[in-house]
Each structure stands twice: as structure tokens, then as C-alpha cells.
Amino acid sequence: MAIGKGVGHSRHRPPPVRILLLVVSAIAIGLLLVFLSFPFSFSVNSNERNDKYLYWGSRIDCPGKCCDQCAGLAHQESSLRCALEEALVLNRIFVMPSRMCLSTIHNTKGILHTSNITSSDERWEENSCAMDSLYDIQLISQTVPVILDNSDAWFQVLSEGKSLGKNGIIHVKSVSRAELKANKSYSNALLINRTANPLAWFAECKDRKNRKSVRLPYSLLPTMASKRLRDAADKIKGLLGDYDAIHVRRGDRLKTRTDKSGVKRSQFPHLDRDTQPQFIQKRIAKWVPPGRTLFIASNERKPGFFTPLSSCYKLAYSSNYSYILDPLIENNYQLFMVERLILQGARTFIKTFKEDEGDLFLTDDPKKTSNNWQIPVYTDEKES
């Protein structure tokens, strides 16, 4: 009976070796999970590593002529897209500025008072915003790998670059992409530093007229808005339902100057006329039927300027959705990024100027400025 009890009891108790194996396995799995939960990195020779970097500077278009003042969002995006495209061509990770300058001409929302700050760097810092408040860095990295210049990864690259000698950091000026890619003295370097360029970044993209050379479309960055901005745009598009949209650029484009004879002249002689409500209505009638919801994005400053269009359309503006936007929007760049997403979601989208083949647009004046200042036209030339 005693032997029988012992045998019966041994069926329910695993042998000591089996218990030990279970314990060791559990500990190993636990250590593996802990190990994987921590970021880790290792350093290898720059000729063997895949991760190499491209740096254009801590501010878009600066160093260069735009250090004390900056261009609007669209111009800065042109420069940013140019640098991203170069990183793509060179198969390098782009070191993106962690902040974007806010032009005082194009942004008033974030400037509530006149600052007493005299330092150029402090002034720039005050009139700038975090890059990741505008763009989804992870989303951009799915197309072009990106790190920010305030990240630990960037400081590690700098540290490693200084220790690698000639294969570490190489400073270049006026060197073409083709040479950067073909010449091993450049291609083997851990970091290519472009900060010696005296021009705006997009000035390096002189071959952009050759469409075959363009790797990144103009539409890339507008679709890469931060998730918070994309979510806000999606909410507003959902509330608008089925809608059409127009972007009416006036404000900064309507400036005139007086010639020696006292005659006012403009670089866009038809723009003021073509963006008046009665001319807009006449222009878009063939594209947008009466009764449609029409979303309007504009930098026109006069309240109620577009109200006459309400005789034909149900008008909507971003200001109608302040309860969605006010808790989120800190500057006009963020607002414009949301409006762009809304414009792109319209059934019919009409731009101010023609930019690409197939565009619908309000004025025949070319978008690019020239030194040909002309007398503004306010009459309907087709009727005269």
C-alpha cells in the first residue's frame, strides 16, 4: 500500500529536472522581454554601416539669406522637400530641423504682443514652432527616413562622426547630387554637412523643371500633416459632407507700387478683379452648380467679403468650426495645413492660380512673380 501511494503521488509531481527546465525557460523569456523593451544601438565602421546622414542646417534656408527673416510655409516646404529629395537620392537619413520659422507676414495668430527680445536667435526661437506640431515625422519617414536635430540619435551621430576622421563628417558647398553619390570621398562619409550653402535650399533644385528628375511630388508634405491636424480636418470634412472648395489668395498678393508718373502698378494685374465675389461666381459657375456647399479658404482680411456668393452657394469657412480648431491651432501655419487637407477632400477644388495641367483656377495671371509691374485691370475685358 505504501508503494502504491508513492507511485500514485509521483504521477502528479513533475520530476526535479523538469521543474528546473521550466524555471530556466521562464527566466530566459523574462530576460528577453526586458532586453527588447530597452532601446539599444551599436557602432560600426562607416564603410560597413547602412545608416548615413544628410544635414542642411538647423533652420530652413539658414545659413543663407533667410536667417533673420523667413519665407511663408509654401516656400519653406519647397526647400524642405528639396532636402528630403536629396536624402532620398543619396540613400541617406535626413536630419530635419526640429523647429520651423513662422513668417510674421503670414502668421498673426501666434504673435500677440511686441517682444522686447533683441537677440536674433531668441527672436527666431520665439517666432517658430516645433516641426512635429506641423508634420507627422513617422509618416514622412515611411518615404524618406528622418531624425530631428534635437534627438538623441542626432547627438550620437555627431559624436560618432567626430571620431571617424575623414569618413566622419564632410562639409560640402556647391556640389551636385550626382557627384555626392558617385564620389566615394562623399558617399563613404557618415554625415554630409550642407550648411555652407549660401542660397535658399530650394535654389539647389534647379532641375525641378525636368519632371523626370523630381522624386517627391509637391503634394507630399501637405499630406504629411501631424495626426492631430489630420484628425481635425477629417472631422470638418465629415461635417461638410459632399462639398466643393476654392482657395482665394489675396492679401499678400495684392500689393501695388506707384511709378514715377503716380500710376499704381501690380505684379498680378487681374488678381484683384478675378477674386472679387461677382467674378468668382461667374468663373466657377461651369464647375460648381448652384446650391452646392462651397468651402472657402482665403487670406482676405475684410469680414464678409465673400458674402455675395451666398446667393448661389452654401458658404463654409474654417471659422465655422472654431470649436474643433481653437483648442488645437497655435499659428496660421497649422490652420493653413488643416485648410489644405479640407481643400484636397472637395469634390471640385479650384485654386487661385494654375499650378499644374488639369487645374481649375480663378485667375489667368501666372503664379510666379516677375519684374513686369502692370496697371491693374478691374473691368471685364470680355464684355468691353
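Begin by selecting S370, which is partly exposed because its relative accessibility is 36%, a value that falls between the limits of 20% for buried and 50% for exposed. The model on display is a predicted one. S370 belongs to the segment that follows β14 (360-361).

Next, display helix α9 (residues 227-240) together with helix α13 (residues 332-344). Their axes come within 9 Å and cross at roughly 45 degrees, which means that α9 is oblique to α13. The crossing in which α9 passes α13 is right-handed. To see the contact itself, show the side chains of L229, R230, A233, I236, K237 and L240 on α9, and of Q334, M337, V338, L341 and I342 on α13. Coloured by class, this contact of α9 with α13 comprises eight nonpolar residues, one polar residue and two charged residues.

Keep α13 in view and bring in helix α3 (residues 73-90). The axes of α3 and α13 approach within 11 Å and cross at roughly 80 degrees, so the two helices, α3 and α13, are roughly perpendicular. By class, the contact of α3 with α13 holds four nonpolar, one polar and two charged residues.

Conventions
Residues are numbered from 1 along each chain as its sequence is written. This is a predicted model: local features need pLDDT of at least 70, side-chain atom pairs count only at pLDDT 80 or more; totals for chains, interfaces and linings use all residues. Side-chain values use heavy atoms; hydrogens and water are left out. Axes are lines fitted to C-alpha atoms, for helices over the stretch in contact, and angles run from 0 to 180 degrees between N-to-C directions. Helices (H or I, at least four residues) and strands (E, at least two) are DSSP runs, numbered from the N terminus. Angles under 35 degrees count as roughly parallel, over 145 as roughly antiparallel, 65 to 115 as roughly perpendicular and the rest as oblique. A crossing is left-handed if the near helix is turned anticlockwise from the far one by less than a right angle, and right-handed if clockwise. Contact means heavy atoms within 4.5 Å. Ala, Val, Leu, Ile, Met, Phe, Trp, Tyr, Cys and Pro count as nonpolar, Asp, Glu, Lys and Arg as charged, and the others, Gly among them, as polar. Buried means under 20% relative accessible area, exposed over 50%, partly exposed in between (1.4 Å probe, protein chains only).
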